[in-house]
Amino acid sequence: RSLALSHSLLLLISCTMMISATTTSTSKSTKTMNGVVVNRRPSCRGLLMPTRAKSSSSASSASSSSSTTPRSGSRSRRARRSTKQTSAPTSSAQKQTEAPTSSSASTTTANTTTTVTEPPVTSSSSPPPPPPPTTTTEGTDSPNNNSNNSNNDDVHVVMPEHIQEGVREDIAELELDEVVRFDSVYNHELSWLSFNWRVLALAMHPNLPGSRGTTVPLYERLRFVAISACNLDEFFAKRVGGLKRQEVASSVSALKAEAYQSWPAAKQLNLIADEVERMVDAQSSMLTDTLLPELREKGLLSICRYDELSTAEQTRLDEYFASELEVLLTPIALDPAHPFPQLQTLSLSLAVQLRNPEDQAKGGADTALRVAIVPLPPNLARWIDVDIEGKTEGKNWTCVTPLEEIVRANLDRLFGGMQVVSTHLFRVTRNAELERHEEEAEDLLDMISEEMRERRFAPFVRMEIEEGMPTFIRRHLMRELSLKDTDIFEMDVPVLDLSSIMSLPVGHKVASGGYAWPAWEGTTPGELQGAVEGRESFFGAIRRQDVLLHHPFHSFGNTVQRFVEAAADDERVVAIKATLYRTSSDSPIISALIKAVAKGKQVAVLVELKARFDEERNVSFAQRLEDAGCAVAYGVIGLKTHAKLVQVVRRDGTGKLATYVHIGTGNYNPSTARVYTDFGLLSANQRIGADVTDVFKMLTGLHSQAAVGGYDELLVSPKYMIDAFVELIDREIEAAKEGKPCGVTVKVNSLDEPVLVRKIYEASLAGVKVNCIVRGVCRLRPGVPGLSDNVRVISIVGRFLEHHRIYSFMNRGDPLYYIGSADWMSRNLRRRVEVATPVHSEEAKTEIQRLLNSCLLDGVDAWEMRSDGRYERPQTIEENTRMSISADKTCDIFDPDQYVSIDFEDPYATTPMEADGVNAGRGVPAPECLSEQYGMQQ
């Protein structure tokens, strides 16, 4: 008895200690900034997502693992997937690759039920990873409050806050081949979602760390929420749509997974679902808890629910419904006599639960419930001014209500004699990634036109629903739309289509009140000023020297557009050739080309019909150009033409033909040229012109460049470009071994080509400093000891969309610079026609280097990738400075021995570079070596 009592006492003491430790751990793990308890979703007050505080009872019982606490009013996605799915049946092979309900289970599944030989992300015997760093905002209000974040320099932001499920943090023990190939090191979909987190961070963190007061204005924050939502729409239509097709072809996916050590489609879809749910919660919370209240507080706008309005306001909306909406709506009952309606992609619909009083009297309540669908036509106004006839009573702000609110309130007019029990809004997304057989098509234009028609009936890939939709309605919709539980996203938000908030009617108040960035108007480069003013020929200015254009800081209209228009008007011009990938609906480039044909010039245009989501517009342009008499080609079978080229052939004063070219990094689109940062080169270099001629021969005919020995100046994919980049990096490796100056700097949108990634690691091991400025997805992991100590990866996300493609190589002290259309991605280098041109002008080289320097010094918009694959914003500008500046004030990012000190006491002092407005929106620090005019010649 004594022994038993002793054992019981010891057990009691042990349990007490465990409970005490668990309580301490729980209190530490659940405590967040400002005393707010973390919900299941990561907290925005500290990093991204503003969270609603739990009740005291809920807080006291919160688990130490915040990721397992479900949202109020809904089951967590992991909990939903742990139950039996009632949608389409799942094959045993698919069940083996489904993402498990916990990270440890995920590891076991990935290593016991698939053909992938990838080692586990974490071992069950290993200690748990340390918690992710959080943002410290002690003593301040939420960082989302512009006016209350005076201690903003102490904010340290890591994105995403959490380690993405399935992603390996520590890769130091992996072999090089494993680092390059394993999905747990880099997965395209998760890397893209990480980029979208950085976009959303511009809304979540208006006061940027280290920015000395730089803020993102209120309306711009609203726009960034909408942009992140638009990005998700496209992501599901393209990337998730493609994975859905792979999932159907499960045997093909299995073979691919075995060959490339990649995750099966089913596992990727599960991981995407978990990550997107976090992101949607963040978007919804940011909009509901912060932005909409601030819009109302500032007197800009209020989104009103119907039941919040006065009787007079409701009456006006009812009259609007009767006169403008009722005749346009088509309610459809869900029963055997009515087929399920054809819903357009990204369209809204109301699921209406009805009861027939007569049926109820006969058969009871259970048998009387009916369901109908009311699709909301996308061509109707999204926001309705509450005060249609005049000023809203007693309100200073613009008051609008969403279309669905008005329809909800008037359903009795659509379902006469029925009792409306409940209504539930939902939104669907269709697959845009359809199978294409170009080799079998007799006419590519007809094939693309048919594909656009098929896309209207493509399978569904996502459904967003309002919180609280009854299970039986959700399941019915899932069966009709052939969706799984992981395809459903439940949202608690005033508007289900977050992308539509960009169209909120707040324009004039925003512009006048400083709630948006001031409009930016591009300038004319000094080299072209005389031509624009009519004092000299446009072609004479280009013949005098190459001109490097930098948009949006240089006006698209006064440079590229004027170049094409001048060619159309010039009597000496005999031919114009161009590639068009994306352009605006009212494209002045198209108009100029049609004008040139009318004036008797030869015009040949390569229109890329396969530009995703621009197919319909490009088909229309192609038909317009053909009708005008242009020679139109649709590209090379099996390849997309992504190159940005315009060539003008002109007789000079001696009667000889000379070529003038524009080679760019961005599209010939005046709309995007105002918000995308791009380089373009205007040149009369005849060697470059001869190469461009050969590119057009390949695009429009059956020319083989290999038969004539390749290109002299240009790097062209798919055949030559990747080999040239490998050779250029190899030369830097050899220079490092010889102790010569060496270094590589690239600025691209995305970087995932395995051959180049491997080569960058090899360069780092050889001692070559490699700077990669990559806005979006990136396969690299910098700062891994013994692998990538010499690699730096930063991502710049800010006011303008970073779109340059620059490739720079130290070349033993005589740097080489290229600009072009290609990202360092497999699709660009292997499945597209891309062109990069060398830059020979010393002035242009200096401008490009200044741009690279400003990116590497950026203390506001730059995110630094860590060795675990996540990105962080530095607390100070010094922390983000990894470049060298030589004593002669010439920035040199390649030589690590030539350092001079930078005065960081006032790095944002007004300088000529900032005064001319070029730096607006980026917040680039201005050390002395960067304080000259930014190549603007103003």
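Predicted model: local features only at pLDDT ≥ 70, side-chain atom pairs only at ≥ 80, totals over all residues.
**Figure 1. Overview of the chain.** Residues are numbered from 1 along each chain as its sequence is written, and side-chain values use heavy atoms, with hydrogens and water left out. The chain has 29 helices and 28 strands, these being DSSP runs numbered from the N terminus (helices H or I, at least four residues; strands E, at least two). The accessible surface, from the Shrake-Rupley method with a 1.4 Å probe, comes to about 38,400 Å², and 50% of this surface belongs to carbon and sulfur atoms. Among contacts (heavy atoms within 4.5 Å) between residues at least 6 apart in sequence, 74% join residues at least 24 apart.

**Figure 2. Packing of helix α7 against helix α8****.** Helix α7 (residues 188-204) and helix α8 (residues 218-248) pack at an angle of about 170 degrees, and their axes are 8 Å apart; the axes are lines fitted to C-alpha atoms, for helices over the stretch in contact, and angles run from 0 to 180 degrees between N-to-C directions. That angle makes α7 roughly antiparallel to α8, since angles over 145 degrees count as roughly antiparallel, under 35 as roughly parallel, 65 to 115 as roughly perpendicular and the rest as oblique. Helix α7 contributes residues including His-188, Trp-192, Phe-195 and Val-199 to the contact, and among those from α8 are Arg-221, Phe-224, Phe-235 and Leu-243. By class, the contact of α7 with α8 has 13 nonpolar, 4 polar and 3 charged residues, with Ala, Val, Leu, Ile, Met, Phe, Trp, Tyr, Cys and Pro taken as nonpolar, Asp, Glu, Lys and Arg as charged, and the others, Gly among them, as polar.

**Figure 3. Aromatic pairs around Trp-192****.** The whole structure holds 15 aromatic pairs, a pair being rings of Phe, Tyr and Trp (its six-membered ring) with centres within 6.5 Å; planes under 30 degrees apart count as stacked, over 60 as edge-to-face and the rest as tilted. The rings of Trp-192 and Phe-195 have their centres 6.4 Å apart and their planes at 65 degrees, so this pair is edge-to-face. Both residues lie in helix α7, 3 residues apart, about one turn of the helix, and both are buried. Trp-192 also forms a stacked pair with Phe-235, at 4.7 Å centre to centre and 5 degrees between the planes. Because Trp-192 lies in helix α7 and Phe-235 in helix α8, the pair ties together parts that are 43 residues apart in sequence. The relative accessibility of Trp-192 is 16%, and that of Phe-235 is 3%. Ring pairs link Trp-192, Phe-195, Phe-235, Phe-236 and Phe-489 into a cluster.

Figure 4. Most residues other than glycine have a negative phi, and most peptide bonds are trans. A cis peptide bond joins His-551 and Pro-552, with omega about 5 degrees, and Pro-552 lies in the loop between β11 (547-551) and α21 (557-569). Another cis peptide bond, with omega about 10 degrees, joins Ser-717 and Pro-718; Pro-718 lies in the loop between β19 (715-717) and α25 (721-737). Ser-482, although not a glycine, has a positive phi of about 55 degrees; this residue sits in the loop between α17 (471-481) and β10 (488-491) and is exposed, with a relative accessible area of 61%. Arg-812 has a positive phi near 60 degrees, lies in the loop between β24 (806-809) and β25 (816-820), and counts as partly exposed at 40% relative accessibility.

Figure 5. Met-463 lies in strand β9 (residues 460-466) and is buried at 0% relative accessibility. Met-463 and Ile-488 are 25 residues apart in sequence, with their C-alpha atoms 5.0 Å apart. Ala-633, in strand β14 (residues 631-633), is buried with a relative accessible area of 15%, and its C-alpha atom is separated by 4.8 Å from that of Leu-606, 27 residues away along the chain.

Key. Buried < 20%, exposed > 50% of the residue type's maximum accessible area, 1.4 Å probe, protein only.
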